[in-house]
Amino acid sequence: MELLNLGFDNAVVAARVISIIAVNSTPVRRMIETAENAGRLIDATHGKKVKSVVITDSGHYIISAIQPETLAARAEVLKQGQEKKPAKEPVKEKPKEPDKK
């Protein structure tokens with residue numbers, strides 16, 4: 001189960017995400033209002049400005065303060081099964097030199 005980070009310690013199961021939408025038009029704002037009235041709105045903004053909406057397969061709308069491009073990039077990384085951070089290389093120990101007497 002891979003989680004898509006929505007910011008501010010919030011996440012959603014990546015497999016349940018249908019779409020990520022920018023909140024820059026009136027129809028999207030109306031969709032958010034409709035979801036709120038229906039009890040299907042989840043606020044993950046922590047009081048910040050809403051920048052994106054994540055729509056899940058259950059019909060829930062999750063508003064986030066993270067740019068939609070950022071969320072889409074995070075989702076793509078999860079889809080490819082890669083981690084954003086490069087794997088750490090194992091520390092190579094230097095061979096021990098024999099004691100000199």
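Visitor: Why does Phe8 count as partly exposed?
Guide: This is a predicted model, and in it Phe8 has a relative accessibility of 38%. Buried would need under 20% and exposed over 50%, so at 38% Phe8 counts as partly exposed.

Visitor: And where is Phe8 found?
Guide: Phe8 sits in the loop between S1 and S2. Asp9 has its place in that loop between S1 and S2 too.

Visitor: Why does Asp9 count as exposed?
Guide: Asp9 comes out at 83% relative accessibility. The cut-off for exposed is over 50%, so with 83% Asp9 counts as exposed.

Visitor: What makes phi of Phe8 worth a look?
Guide: Phi of Phe8 is near 55 degrees, which is positive, and the residue is not a glycine. Asp9 isn't a glycine either, yet its phi is positive at about 60 degrees.

Visitor: How do you know that S1 and S2 pair?
Guide: Pairing takes at least two bridges between the strands. S1 and S2 (residues 10–13) have 4 bridges, in the antiparallel sense, so by that definition they pair. Across the pair, Gly7 stands opposite Asn10 of S2. Together S1 and S2 make a hairpin, with 2 residues between the strands.

Visitor: What about Met1: why does Met1 count as exposed?
Guide: Met1 has 85% relative accessibility, and the cut-off is over 50%, so Met1 counts as exposed. Met1 belongs to the segment before strand S1 (3–7).

Visitor: Which backbone atoms does the side chain of Ser64 pair up with?
Guide: A polar atom of the Ser64 side chain lies 2.9 Å from the backbone oxygen of Leu6. The Ser64 side chain also reaches the backbone nitrogen of Ile66, at 3.1 Å. With a limit of 3.5 Å for polar contacts, 2.9 Å for the Leu6 pair and 3.1 Å for the Ile66 pair are both inside. Leaving out neighbours within four places in sequence, Ser64 is in contact with residues including Leu6, Ala44, Val50 and Leu71.

Visitor: How do you know that S4 and S6 pair?
Guide: The requirement is at least two bridges, and S4 and S6 have 4, running in the parallel sense.

Visitor: In what order do the strands of the open sheet come?
Guide: The order is S3-S5-S6-S4, 4 strands with mixed pairing. S3 and S4 are the edge strands, each pairing on one side only. From one strand to the next, the twist averages 20 degrees. Helix H2 (residues 68–80) packs on this sheet, touching S3, S5 and S6, and its direction makes about 155 degrees with that of S3.

Visitor: How do you know that the span of helix H1 is close to what is expected?
Guide: H1 (residues 26–37) has 12 residues, and at 1.5 Å a residue the expected value is 16 Å. From its first C-alpha to its last, H1 reaches 17 Å, which is close to that.

Visitor: Which residues of H1 are buried?
Guide: They are Val28, Ile32 and Ala35. Looking down the axis of H1, these buried residues fall within an arc of 65 degrees, so they line one face of the helix. As a rule, residues three or four places apart in an α-helix point the same way, because there are 3.6 residues a turn. On the other side of H1, Arg30, Thr34 and Asn37 are exposed.

Visitor: What do the buried residues of H1 pack against?
Guide: Their partners are strands S3 (17–22), S4 (41–44), S5 (52–56) and S6. After H1 comes Gly39, with a positive phi near 80 degrees.

Visitor: How do the elements of the protein run, overall?
Guide: From the N terminus on, they go β-β-β-α-β-β-β-α, which holds 2 helices and 6 strands. The protein has 101 residues, and 23% of them count as buried. Among contacts with a separation of 6 or more, 46% come from residues 24 or more positions apart.

Technical notes: Residues are numbered from 1 along each chain as its sequence is written. This is a predicted model: local features need pLDDT of at least 70, side-chain atom pairs count only at pLDDT 80 or more; totals for chains, interfaces and linings use all residues. Side-chain values use heavy atoms; hydrogens and water are left out. A polar contact is a pair of N or O atoms within 3.5 Å; within protein, one must be able to donate a hydrogen and the other to accept it, and residues adjacent in sequence count only if both atoms are side-chain atoms. Contact means heavy atoms within 4.5 Å. Buried means under 20% relative accessible area, exposed over 50%, partly exposed in between (1.4 Å probe, protein chains only). The expected span of a helix is 1.5 Å times one less than its number of residues. The arc is that of the directions from the helix axis to the C-beta atoms. Axes are lines fitted to C-alpha atoms, for helices over the stretch in contact, and angles run from 0 to 180 degrees between N-to-C directions.
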